[in-house]
Amino acid sequence: MGKNRVIISHISNDGRIQTNDDHQCGVAELASKFAAEFGMGDLGAVMGRLHDKGKEQAEWQKFIQGATGYNKEYAHIKSGPRHAYVGACIVRNQYPHIAPLIAQPIAGHHRGLYDYCDYIEEAKRDIPSDVTIGENMPCAQPKFGKAEKYDYHHIVRMLFSCLVDADSLDTENFMNPEQAALRGSHAQMEDLLVRLESHLRILREQSIDTEVNRIRNYVQEQCIKESQEEMGLYSLTVPTGGGKTLASVLWALHHAVKHHLNRIVIAIPYTSIITQTAATLKAILGEENVLEHHSNFNPEGIKNQEMRGRMQLATENWDYPIVVTTNVQLFESLFSNKRSDCRKLHNIVKSVLILDEVQTLPMNFYKPIVHTLDTLCRFFGVSVLFTTASQPVLSGRIEGTNPSVGFDALDSVHEIIPAEAKLHDKLRRVKLEIDDTPKSYDEIAAQLVNHQRVLCIVNTRRDAKELYERLPNEGICLHLSRMMCPTHVAATIKHIRRALKEGSGSPIRVISTQLVEAGVDIDFPVVYRQEAGLDSILQAAGRCNREGKNGICTTYVFSLGKEHPLPQGFISQTNNARLNMVGRYDWFAPETMVAYFKQLHCRIDNFDKQQMQELLYKPECEFEEAASRFHLIDDQSISVLINWHDSINLYQRLLSEGPSYQLMRQMAQYSVNIRKHDFDKLKSTGAIEEPFENICVITNPAFYHDDTGLSIENQWLEETYII
């Protein structure tokens, strides 16, 4: 290989060569464009120009030629030397004052961001002698003002995002241009605003003049008005039935047009609400403009093949006008160190972020989440909108069980609906009757039977099953819990809505866990709610007299303390916070919710349980360790495919085709997550099959019932024990 040798970066299937210089220039151009959105375009350019310098190694050049069949002389070489560290070493030499900002992303652009000591070991290695160091290196000077200690790790991660997306896109453009052509070409914010306003205008013209509709119009008018204010942190506190979902998107689109923002990201805690919200927005704004990104979304349901391809590609980097996702997907990506998770993050820059049902943010991660929102707003041009009927405390000093765990939250959050509007009074359709006296399952079941149409929400799967089995087999009696697979849950909710709409004289009684509590559009004249925190109780009350057609209805709060006291942990803390609110309260008033959350905060002994501050709030960030700890849901359960309806066909495909991404997504719709001790119990009897590693299946239909879903205990299981 001579002095003027061609340095190869990629070789396509048809034998075309992309030189390393062409690839690095392409990546530099894209990474610079992405990072320029937050004032660091020059850093993006440097990362792009240096990220693959290690490919200049002669041994790596032999490897790429042999691995692709381009030169059979090197076919025996099964792996090439590591190359990502080389650019990081050059950065440490050339740009010592800002090295970690861009050397970390370069070093980790394949395997992910390192913990600090591991990064140092990588970046201090010797630069291979066959790698050239250019003399005309780009200028690299970060441009940002005063930074808080919790900003730094997000800056590094955002630069990492710019690099890995640019690297992926340039590679795809060369290796698979047909696939690359499916990206982009979406509607602008202005076009989407026209569509939404047209839809809302038709709704107003077709609606009758009621107090509820007048309030919904008022909320929309306030959203339009406040959308013209400066970028920042906003809240939209609207009681159930006030139309906050469309109003929040109306605010976001007006705000995006006003401030030239790129997209709207809507993060929702529950997949049941995501599906409902995404379907509504797709119907109004066009399916081609709304991306669903969550574990329960099956892209195979999209009939148009090109659109399906576009959406599947967009889940990689969120290059879509409207993104509807989960809190878990959003925040775990913001604390991840992995290339695949972080790739999309730079597309949150210069956007509107809507956090729906914001009261569900986990207290164990409250501090790093709140600080992240502050960083997104100050550093990355994001306006945040918190929406809920039960607004938590997010600004000022958050006090915990003792002064050492408290922290300073957001400076201020601007409420869109003024306090004098008193929407909780105008939309009052429900009263609470609270009885904290311990009751038995039989006593509560007897109360439920007194109502023809009643929804009862409890805290655990066990409580749901126990109450359901005590109800008489008359009329429509349904059970909802996560012992049912997602497809079963969706079908049952659809059945409930249809039955309520048809209005037959037969009883309609539903026992459910909290999965219907927030955002699910069902309307019962009577609701029962097992004791819990005030926010959960008010969410349950939102399923009662939702349209306000029955005057003032009642939500009954009860205790099952005679047989199944509340489990220790967060749910007990929330219930105790409610119980300690002594005195007379209007349970639906916003100031009551503030008092409740302050009570709750006083019961929290750590707002940063996994120690993100110790790992990330410093220049020597422990990215990998932090990512391994940051999981919003401490889920030790195991997913099991069950035998119900179409699932057995998927199982047969699994056996014949083997696992694939698309098949696993489809199988998730027929899977149930169970606790490990239940899993072990089933496995010991031979009920669980494991055809592939980490894929578990129950093929025996006796374990899954049309009414209650997966049964851990049944006659078949007991007989196996006897044998």
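**View 1. The largest cavity, about 60 Å³ in volume.** In this predicted model, local features need pLDDT of at least 70, side-chain atom pairs count only at pLDDT 80 or more, and totals for chains, interfaces and linings use all residues. Residues are numbered from 1 along each chain as its sequence is written, and side-chain values use heavy atoms, with hydrogens and water left out. A cavity here is a set of points, on a 1 Å grid over the protein atoms alone, where a 1.4 Å probe fits but cannot get out; lining residues have an atom within 4 Å of a point. Points are joined across faces, edges and corners, and the volume is the space filled by probe spheres set on them.

**View 2. Who lines the largest cavity.** Look for Lys244, Thr245, Ser248, Val249, Ile266, Ile268, Thr277, Ile354, Asp356 and Thr387. Helix H11 (244-259), strand S4 (263-268) and strand S7 (351-356) each give two or more of the lining residues. H11 has the largest share, with four. Helices (H or I, at least four residues) and strands (E, at least two) are DSSP runs, numbered from the N terminus.

**View 3. The second largest cavity, at about 50 Å³.** Its lining is Leu182, Arg183, Gly184, His186, Arg310, Leu313, Ala314, Asp319 and Tyr320. The whole structure has three cavities of 30 Å³ or more.

View 4. A disulfide needs two cysteine sulfur atoms within 2.5 Å, and the structure holds zero.

Key:
1 Å grid on protein atoms, 1.4 Å probe; cavity = no way out; pocket = protein on both sides within 12 Å on 5 of 7 lines; lining within 4 Å.
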